[in-house]
Amino acid sequence: MGLKIAIQGIKGSNHHQVALDYFGADIELVECLSFHQLVDELLEGSADKGIMALENSIAGSIIPNYALVDDNGLHIIGEHYLNIHHHLMVLKGQSVNDIEEVRSHPMALLQCREYLKTKPHIKMVEDVDTAETAKQIKKHNLKGIAAIAPSVAAELYDLNIVASDIQTIKNNSTRFIIVKTKNKEIAKTEINKASVRFKTDHKRGSLAAMLNVMSDCNLNLTKIQSLPIIETPWKYAFFVDVTFQGYDNFEKAKSLLNIMSEDFKVLGEYKNGRL
């Protein structure tokens with residue numbers, strides 16, 4: 001087998017689809033029930049690399065995952081954007097009218113709420129994972145139960161899709177990051193995106209000064225996310241993604257930001273997944 005890739009969820013999930021898109025079929029999946037378990041698998045050496053959802057174009061950031069990457073010293077070595085397609089699936093022979101209950105991940109239920117409003121006879125139940133629900137329906141021959149999951153889950157677990165693309169907003173994508181315990185996957189000439197984390201003091205304009213440095217060094221800010229520092233109430237760490245044309249620009253910015261901020265840290269240097 002090829003690389004051991006840790007994913008949150010099981011075969012048939014969106015994380016599984018990203019693993020196939022990014023690494024190809026010659027991989028060994030390490031299925032994890034939570035992102036915490038995924039991190040543990042990497043730290044223990046049970047997986048070579050991991051895939052973590054980080055933000056969704058509708059629902060926004062998955063904030064705890066920023067802290068997981070930072071606190072455990074993981075490195076972002078790549079990213080992948082996946083267009084999300086939610087499908088309603090049931091046992092073969094069942095129809096929409098037979099469905100009494102739909103189970104899926106809370107995010108999937110939220111993103112399909114408008115469709116589900118048109119089916120008031122269907123009760124919504126939160127579950128741990130989209131594909132896990134599909135797997136259980138097949139395994140236990142659950143009649144009257146539907147899953148909202150990717151089409152790959154219907155193929156894997158031999159279910160029938162009774163309604164396709166039921167997400168409210170059709171242009172719905174999720175950004176996934178590829179993480180491992182060591183950095184430096186590609187040559188500097190190929191790197192055009194980076195993720196950094198820093199802390200600022202309470203002085204007026206301190207964050208603005210940091211952002212000005214990025215602009216002066218020709219970095220394009222694509223994401224900024226603040227996270228409270230638990231041990232220091234009302235103080236925040238900032239997680240920032242930047243893109244750039246030349247690595248020299250980022251190198252210059254790094255040296256300046258390191259001097260200007262508290263606890264500056266590079267979380268990853270990699271290829272922009274949207275190019």
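Reader: Which helix or strand gives the most to the lining of the largest pocket?

Author: Some ground rules come before that: the model is predicted, so local features need pLDDT of at least 70 and side-chain atom pairs pLDDT 80 or more, while totals for chains, interfaces and linings use all residues. Residues are numbered from 1 along each chain as its sequence is written, and side-chain values use heavy atoms, with hydrogens and water left out. Now, on a 1 Å grid over the protein atoms alone, a pocket is an open set of points with protein on both sides within 12 Å along at least five of seven lines, and lining residues have an atom within 4 Å of a point. Here α4 gives the most, with three residues. At least two residues each come from α1 (14-23), β3 (49-56), α4 (106-111) and β11 (173-180).

Reader: Which residues lie nearest the centre of that pocket?

Author: Gln8, His15, Ala53, His105 and Met107 do, out of 21 lining residues. The pocket's volume is about 410 Å³, and its lining divides into nine nonpolar, 11 polar and one charged.

Reader: How many cavities of 30 Å³ or more are there?

Author: A cavity is a set of points where a 1.4 Å probe fits but cannot get out. The search finds two of them. The largest holds about 80 Å³ of space, and its lining includes Leu54, Tyr66, Ile177 and Phe239.

Reader: Which residues have the most contacts inside the largest nonpolar core?

Author: A nonpolar core joins buried Ala, Val, Leu, Ile, Met, Phe, Trp, Tyr and Cys residues through side-chain atoms within 4.5 Å, where buried means under 20% relative accessible area with a 1.4 Å probe, protein chains only. In this 36-residue core, the answer is Ile51, Met52 and Val179. A second, separate core of 18 residues includes Val213, Leu219, Phe244 and Phe250.

Reader: What kind of aromatic pair do Phe244 and Tyr247 form?

Author: Rings of Phe, Tyr and Trp (its six-membered ring) pair if their centres lie within 6.5 Å, and planes over 60 degrees apart count as edge-to-face. The whole structure has six aromatic pairs. Phe244 and Tyr247 are edge-to-face, at 6.5 Å centre to centre and 70° between the planes.

Key: Buried means under 20% relative accessible area, exposed over 50%, partly exposed in between (1.4 Å probe, protein chains only). Grid points are joined across faces, edges and corners, and a volume is the space filled by probe spheres set on the points. Helices (H or I, at least four residues) and strands (E, at least two) are DSSP runs, numbered from the N terminus. Ala, Val, Leu, Ile, Met, Phe, Trp, Tyr, Cys and Pro count as nonpolar, Asp, Glu, Lys and Arg as charged, and the others, Gly among them, as polar. Rings of Phe, Tyr and Trp (its six-membered ring) pair if their centres lie within 6.5 Å; planes under 30 degrees apart count as stacked, over 60 as edge-to-face and the rest as tilted.
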